Amino acid sequence: MKRKRGALEKVDADLPNLQHKIRSDSTSYQDEFINQYSQYTSLHELFLQSPTTTDDSGIVRLRDLIDFVSHVAYCYPALTKGFAGDLIGLLERHHESLEAELRDKIVGSLVLLRKKEVVDSTTLLNTLWPLLVSTPSKSLRALLFQKVMSDLRTSNSKTTNHKLNKRMQTTCYNLIASDPSSPKGLWAVKLAREMWKKQIWADAKAVSIMEVAALSKDAKVMTAGVRFFLGGDQEREEAADEESDEDENVDMGKLRHQAGVNKKSGKRDKELRAAAAKVKRKERKKKAPHPLNFSALHLLHDPQGFAEKLFQQHLQPSQPQVRLNLEQKLLVLQLVSRLVGLHKLTLIPLYSYFIKYLTPRQPSVTSFLASLAQSTHNLVPPDVLEPLVQKIANEFVSEAAAAEVASAGLNGIREVCVRQPLAMNETLLQDLVQYRKSKDKGVQMAARGLLSLYRDVGAEMLKKRDRGREAALKLRASDGQGARFGQVEGGEIEGLELLEKWKEEQGLDAEEDEAKGWENWDAESDDSDSSGGWINVESDGEEIDVSDSEDEKPKKAEKVNVEKAKESDKENEDIETDAKQSDEPTKQKVEHNTASLEPEAALKKEEARLSSLATTRILTPADLAKLHELRTSAAVTSALPSAKRRKLQQQAQQNSQRHADDPLTSNDIEGLASLSHKATKEEKLRRAKGEPEDEKNDHRSTTARRKEKKASEGKSTTNKEKARKKNFLMTLGKAKRKGKRSLQEHRKVLKAHVDRSKRGGRRGNLGR
């Protein structure tokens, strides 16, 4: 009787079957592996002798053997110690003449050997990176870049591989710095940007790569480096938000319910396990400490030198080495202006560069205005900025100018003056403020924004009728002295008066309040020897023991200070009541004067209260938490003024809350220019629905739009819609059968339909 054998055992050269067997039992199949490896060696030698004349069958056989050996090489490390070197030699010497499939197979085999730890990451990257830079094949470059990215991410998945990262960053830096005019540096920029986006390279070394790229003599490399500084941080935040959104969208309860109701399958089981892994990863991220992701602009080693080189090399070169178009010049100008504004650099030639571009006929003029505003800070001399502000006012703001032009000019002037109020002179300010009476809404609100700004920072430059009550009181309290150039205001705690008022309303004792404030805020104990016992401190030849009993003295001193502060407050109140009683006989004569002096007295009393709280007490963690709560409630209350002033205050809050790292765009300069013309009814409806401008000519029906929306969201369609799209031949038999029903059959079908609807469908879900 013949012995039955499996179909795969009949062919000795079945490599996938042999590969599976070797993985299961490598010792038993060592002879078979040696046989296949000797075939690979002979084919490899033949190919090296004549790479271009090898026939197709030999190339296919060599490709299959390379794939087989790379999968099982880790089982026989002694036999295959030269296999990786053979592949590296093939790829380095013949990558231009190799067949595309064989070349891709060699690259994939090297990556597989790295996963099996036959070769290390350094060897793999030293092989792939030179090929990526030098090969003319576009498909091979894409494959190599993907493999390099994947290997770097894998090497930094568990812990940061500082040694490998530093070596790769040095390679990228040298690639650009060695030949600044070569376009090969573009790959180094792409790699550094992707690593920054994935938060793998987030140090100053990666920023130095982009710094030398921005100073490159090749236009593409320079543009890529500049774009990184302008948008790299935003890309990193968006990528992090996408990862968090993916983890948050997992509903384990819904998935478990579906797994219990639907038919069991391997695919659904795999989806459930993947969702559980996402939930675990999300919980792990919650417990992990938040990483300190510094902006790329803050990690520059020498911002002043970098800004000067950018300006001199690309914007005002003595001998132009790179020909830039207007868009590329604007990118460089935006980067230089952000560096100057963020780090408060001194670059005086930059401001004279703007003069020739500040005309309404200049293309992208709002971008130039935004760059000018970004480059302004409180240390820029007002004499440098006054000609620019005057030029904008003369060119943009006039009765003959269009509404959009005037609105953009006023917004540009306001953004400059927010950062340096001394750039405006009194005559020009009073002239520009008059445009708040314009009939155009955009111009009107831009002028009001300028007026509200100078009510806060320079009320003495406005006419008395334009100052407002609050600005007039502040100006009178400060004796009419405005800000000076280079003056730095002292730091103060915002909202401290709210905390003091709340404490007075609660009637809390100072000592008890402070003791409660430090509850549950004990410092963590230290296990070192120096943490316990007494500490002896020698001062002036005397030894002082610092123990817990010494804490009583500051409390007593603090209590005395609080009592003195309360007594001073009582004395102030007595003086005020005496003054009010003495003024009662002449109250009607000096009613206007007392009305104006009472707010001043309130301001002085408020300052005394602030100084007493800030100088006599240390704010506890509970005080800081309550202070944050009071600030939030005060902000909500102040956000509800009269309808006439609400929009102006919201606009002022948005401008004041803009972070120093946030860029100023041309849309901020245009402001309400889009509202300067009356919108049609269709435009208003489109804005109310939140539709983009591209769909204004979309005349499809509501049903068609709803279908497209459901399809984009991945939702299914109804049974009627599915039946409507069904092939006619598939429905023909059912239609014929339906037409031949007898009355009894028709009655039976209708009765079953009624029973099924009462039961709640085929599943009987009515009672659930």
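User: Axes here are lines fitted to C-alpha atoms, for helices over the stretch in contact, and angles run from 0 to 180 degrees between N-to-C directions; on that basis, at roughly what angle do H6 and helix H7 cross?

Analyst: The model is a predicted one, and the two elements concerned are helix H6, residues 121–134, and helix H7, residues 138–155. Their axes come within 9 Å of each other, and the angle at which they cross is roughly 155 degrees.

User: Are H6 and H7 roughly parallel or roughly antiparallel to each other?

Analyst: The crossing angle of H6 and H7 is roughly 155 degrees, and angles over 145 count as roughly antiparallel. H6 passes H7 in a left-handed crossing. From the angle it follows that H6 and H7 are therefore roughly antiparallel.

User: How many nonpolar residues does the contact of H6 with H7 have?

Analyst: On the H6 side the contact is made by Ser121, Leu124, Leu125, Leu128, Leu131 and Leu132, while H7 supplies Arg141, Leu144, Phe145, Lys147, Val148, Asp151, Leu152 and Ser155. Divided by class, this contact has two polar and three charged residues, and the number of nonpolar residues is nine.

User: Which orientation do H7 and H8 have to each other, roughly parallel or roughly antiparallel?

Analyst: The axes of H7 and H8 come within 10 Å and cross at roughly 150 degrees. Because that angle falls in the range over 145, H7 and H8 are roughly antiparallel.

User: How many charged residues are there in the contact of H7 with H8?

Analyst: H7 passes H8 in a left-handed crossing, and the contact is made by Val148, Leu152 and Ser155 of H7 together with Leu164, Asn165 and Met168 of H8. The residues of this contact divide into four nonpolar and two polar, and the number of charged residues is none.

User: About how much space lies in the largest cavity?

Analyst: The structure holds one cavity of 30 Å³ or more. The space in the largest cavity is about 50 Å³.

User: Which helix gives the most residues to the lining of the largest cavity?

Analyst: The lining consists of Thr122, Leu125, Asn126, Leu164, Arg167, Met168 and Thr171, and the elements that give two or more residues to this lining are helix H6 (121–134) and helix H8 (162–178). By class, the lining has three nonpolar, three polar and one charged residues. With four residues, the element that gives the most to the lining is H8.

Definitions and conventions:
Residues numbered from 1 in each chain as written. Predicted model: local features only at pLDDT ≥ 70, side-chain atom pairs only at ≥ 80, totals over all residues. Heavy atoms only, no water. 1 Å grid on protein atoms, 1.4 Å probe; cavity = no way out; pocket = protein on both sides within 12 Å on 5 of 7 lines; lining within 4 Å. Points joined across faces, edges and corners; volume = space filled by probe spheres on them. Nonpolar A, V, L, I, M, F, W, Y, C, P; charged D, E, K, R; others polar. Parallel < 35°, antiparallel > 145°, perpendicular 65-115°, else oblique. Left-handed = near helix turned anticlockwise from the far one by under 90°. Contact = heavy atoms within 4.5 Å.
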